Amino acid sequence: MKLFIFVLSLISLGFADDEINSRYFPENFKFGVANAAPQIEGGWLEDGKTETVWDHFAHTRPEMIVDRSTPDIACDSYHKYKEDVAMVKAMGLDYYRLSIAWARILPTGYPDKINQAGVQYYKNLFAELKAVNVEPMVTLYHWDLPQSLEDELGGWLNETVADLFAEYARLCFELFKDDVKMWITINEPKQVCQAGYGTGFFAPGVVSNGVGEYICTKNVILAHAKAYHIYDNEFRAASQGRVAMVVDTTWFEPASDSAEDQEASERALQFNLGLYANPIFIGNWPQVVIDRVAQRSALEGFATSRLPAFTEEEIAYVKGTYDYLALNHYATNMINATSDAPIADPAYWKDISVVTWKKPEWPSGSADWFGVVPWGLRHLLVWLKKTYGDVEIVITENGLSDTTGIMEDDHRISYYQGYLSACLDAIYEDGVNLSTYTAWSIIDDWEWTGGYTSFLGMYYVNFTDPERTRIPRKSASWFTNMVATRCLVDTCTK
Ligand code: BGC
């Protein structure tokens, strides 16, 4: 009966196509929750930490942040990390995904002076996690470049920053080799490069449409590969850990069976995800991206493609730098092909040449790109398997944002139930090698340009209270129960 009522409520939410899968999660399947240093830590100038590009962006360009807020204090996790770990423990999770702030470990950005207070903060955090038997999943770079490297070197537009990232990664691998086995080099290079150095909507706010973002992309991928090789050559044998880079995409569902719309979906996926994953899993940029950017660059009058080429040595160096595929995914869009934009100023979106839209019956999150469509995740997982082979996939982020922050967050429960059901479908029906699901997020946080107006936490944080009190929403107890039962409905089968 409950299942019937649940299915009915899903239909009213627009999940009619999805029946909730009633199989148990496989025994070795792992669950986690995620967050990132710049969004929760605060302590922005404390104990030797220096300014990051996001600190700088929020302080100098407040008009770019919806509520003109800063991450100066955020959830104050720099002081309240024990409470965070207690919440993770209470939820019975395998993993806690967190990130290390480069500027807390190396205040100048360069490997010249290690900030022991910063090192100690993470040591304490890892010890706390170890005490409750939760494994850290650690991101080295979640968008928080030390501002010094932006000011002095031009940030990710300069390949030297890739070398500096590799030095910072080596240091973290060494410092935390006994604490961390699950490493992520870089979170979502697409957002770092397209929003940071293309549209300029994200820090550091550089506007270089269709040019800077591709230069950044090559440098970020090289940075990842350098860090991967350092781990492989110097740490893997003794530490036995694993390393990957997080890629992200919306799923693009072709709006019709026409060859044009099918190609538009494939093209959008290659520009959104393949641009970052192809060099690592297959070698070189996706051919469709090479061809289209070269063609438009020539028409625009560029002497060479705006997409910098990899040399043969670089292709070989980057290829294979993964131990698993780390995926962030939130939403789905429908997609149609469209005629190419007239040749004028370059832009990434003109290089892709598609139109995306949402079905009106789909529920949405707070952002306009956010179509809540659980089967989109299943389609994406199948596409990843088809495109990159039977690689192990770790979902490193998935979750629902809203602007109300409501405590009775049934819509978030439905979201998790639907998306986790899609994971079970992919595992049992499609044979996808999916090992882990990490929800974003355990607590409300500073949501970049969304400031403190976009809520994704299973725990509410009172940002006006100096104590930054954390209170569980309804979804926290639902998720806790799901992790304990490993089942999405009342009664599951093996
Ligand atoms: C980012 C997170 C962010 C989340 C929700 C992802 O793109 O990795 O840092 O908070 O989306 O907006």
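Trainee: How far is a polar side-chain atom of Glu 188 from an oxygen atom of the ligand?

Mentor: 2.6 Å. That is a polar contact, meaning a pair of N or O atoms within 3.5 Å; within protein, one must be able to donate a hydrogen and the other to accept it, and residues adjacent in sequence count only if both atoms are side-chain atoms. Keep in mind that this is a predicted model: local features need pLDDT of at least 70, side-chain atom pairs count only at pLDDT 80 or more, and totals for chains, interfaces and linings use all residues. Side-chain values use heavy atoms, with hydrogens and water left out, and residues are numbered from 1 along each chain as its sequence is written.

Trainee: Which ligand atom is 2.9 Å from an N or O atom in the side chain of Glu 397?

Mentor: An oxygen atom. Asn 187 also has a polar side-chain atom 2.9 Å from a ligand oxygen.

Trainee: And how much of the ligand's accessible area does the protein cover?

Mentor: 85% of the 310 Å² that the ligand has on its own. Areas are Shrake-Rupley, with a 1.4 Å probe; for residues, only the protein chains shown count as cover.

Trainee: Which residues surround the ligand?

Mentor: Among them are Gln 39, His 142, Trp 143, Asn 328, Tyr 330, Trp 440, Glu 447 and Trp 448. The test is a heavy atom within 4 Å.

Trainee: New topic. Where does helix 4 kink?

Mentor: The kink is centred on Glu 83, at about 30°, in a helix spanning residues 77–90. The bend is the angle between axes fitted to the seven residues ending there and the seven starting there. Helices (H or I, at least four residues) and strands (E, at least two) are DSSP runs, numbered from the N terminus. Just after helix 4, Gly 92 has a positive phi of about 70°.

Trainee: Glu 41 next. Is Glu 41 buried or exposed?

Mentor: Buried, because its relative accessibility is 4%. Buried means under 20% relative accessible area, exposed over 50%, partly exposed in between (1.4 Å probe, protein chains only). Glu 41 sits in the loop between helix 2 (37–40) and helix 3 (53–60).

Trainee: What does Glu 41 touch?

Mentor: Its contacts (heavy atoms within 4.5 Å) include Asp 76, Ser 77, Tyr 78 and Arg 104, leaving out residues up to four places away in sequence. Ser 77 and Tyr 78 are themselves buried in helix 4.

Trainee: Last one. Where is Trp 362?

Mentor: In the loop between strand 9 (354–357) and helix 15 (374–388). Trp 362 is buried, at 9% relative accessible area. Its C-alpha lies 6.1 Å from that of Val 372, 10 residues apart along the chain.
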